[in-house]
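Here are my notes on the model, point by point. Please keep the sequence and the 3D view open as you read.

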Amino acid sequence: MTEQAVLEVYRYLPDDEAEPRFQEYEFAYKDNWVVLDALNHIKTEIDPTLSFRWSCRMGVCGSCGMMVNGEAKLTCEAYVRDYDTATIKIEPLTHFPVIRDLVINMEDFMAKLPTVSPWLIPAEDKALSDGEYLQTPAQMAHYKRFSMCINCMLCYSACPVYGLDSSFTGPAALALANRYNLDSRDDGQGQRADVVTAHEGIWECTYVGECTQVCPKGVDPAGAIQMLKLSYALDWAKSLVMPRGGKN
Amino acid sequence: MTTELTRPLPRSWWLQKSPYFQFMIRELTSLAVLAYSSLIVWALWSANDKGPFSTFFDFLETPLSVWLHMLVLVAALYHTGSWIALTPKVMVLWQDDEQVDPDLIAGANGILFLAITGVLLWLVL
């Protein structure tokens, strides 16, 4: 079954035009099309100059994040049939610089991720011959939801704090810090403190909560940041009461 | 070289989406606490007048004061409710390898709030 759809797509062609504009594309779509299918249809059948990122088409790679009718979405998970508006408005993710059309510059995000040391920092390094750092399923359950991030940046796009001040470390990076802090094999909470508790870190979050709402993987960055606030506040209190033994 | 386009957030960003608007309302309700604190400071200041707290007590009897108290109460309750709703995000508890139901944590905090409020009212009234 086919129906007509109209996509109003953000166009920015800096080599030819100084200002961005919207361009409408009308076409017949199939019931099982997602917005990404529609964009690919436009690119292959109507206008090959349209630029956008995508890769896996199955909600894993995190490449195809865009604003769909003002909401940050993975376009591979947004069905055209679910939008009953006359047109579906497609824009690049907000709060990021636009390189061309729907392609944003993600360098700021990529630079922030490693600042929280998103890797295991064990209390003591083991020799390879000593085997794995073992963990029970119950221990894994404590951090698993925070490990599901696919770096799609929808949370940054939904966060007005990041939109107002791009120095904010941001939801995904801080959720990742929490993921490692909660890992039973990790002892790096203290090492991450400088970045996580900096002015640009957890304390800049005012808990708008939209990062959690738009997350396609249920990571709950807003919750992670509140957990970090409590955890580091307790560390600080412990260091006051037990100056020598309060640190992790 | 390609020119990148930056798109600053407009001042009206909090009017663009319902959750942003609700967030701003939540933050604004904290001003109610500031307003009431100012009222109490004024009450202490008025104790230096002709009679202890006379100016303040006179003000409490005015319709403006009643409306102000109702407004502050609603704002403070809304703000308190938003904090109680937040508690399961911060207090992630586990029991026998199972995460405690977030609604249970928020509910327990709500009941605790009501109990403490009840005790305070019993002491004051």
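1. Where is the place of T49(A)? T49(A) sits in the loop between α1 and β3 of chain A. Helices (H or I, at least four residues) and strands (E, at least two) are DSSP runs, numbered from the N terminus. T49(A) counts as exposed because it has 11 C-beta neighbours inside 10 Å. The cut-offs: buried means 20 or more other C-beta atoms within 10 Å of the residue's own, exposed means 12 or fewer, and partly exposed is in between, with C-beta atoms placed from the backbone. T49(A) and P114(A) are 65 residues apart along the chain, and their C-alpha atoms are separated by 34 Å.

2. A word on the source. This is a predicted model: local features need pLDDT of at least 70, side-chain atom pairs count only at pLDDT 80 or more, and totals for chains, interfaces and linings use all residues. Residues are numbered from 1 along each chain as its sequence is written, while chains are lettered from A and ligands numbered from 1 in the order in which they are written.

3. Now the sheet. Five strands of chain A form an open sheet in the order β2-β1-β5-β3-β4, with mixed pairing. Strands pair if DSSP finds at least two bridges between them. β2 (21-30) and β4 (71-74) of chain A stand at the edges with a single partner strand each, so one side of each has no neighbour in the sheet. From one strand to the next, the twist averages 35 degrees.

4. Look at one pair. β3 (residues 65-68) and β5 (residues 88-91) of chain A pair in the antiparallel sense over two bridges. M67(A) has E91(A) in β5(A) as its bridge partner.

5. Which helices pack at about 165 degrees? They are α6 (residues 171-181) and α7 (residues 189-196) of chain A, with axes 10 Å apart. Axes are lines fitted to C-alpha atoms, for helices over the stretch in contact, and angles run from 0 to 180 degrees between N-to-C directions. That makes α6(A) roughly antiparallel to α7(A). Angles under 35 degrees count as roughly parallel, over 145 as roughly antiparallel, 65 to 115 as roughly perpendicular and the rest as oblique.

6. Which residues meet there? L174(A), A177(A) and N181(A) in α6(A) meet Q189(A), R192(A) and V196(A) in α7(A). Contact here means C-beta atoms, placed from the backbone, within 7 Å.

7. Last, the chains. Their contact takes 23 residues from chain A and 16 residues from chain B. On the chain A side, α9(A) gives the most, with five residues.

Key. Contact = placed C-beta atoms within 7 Å.
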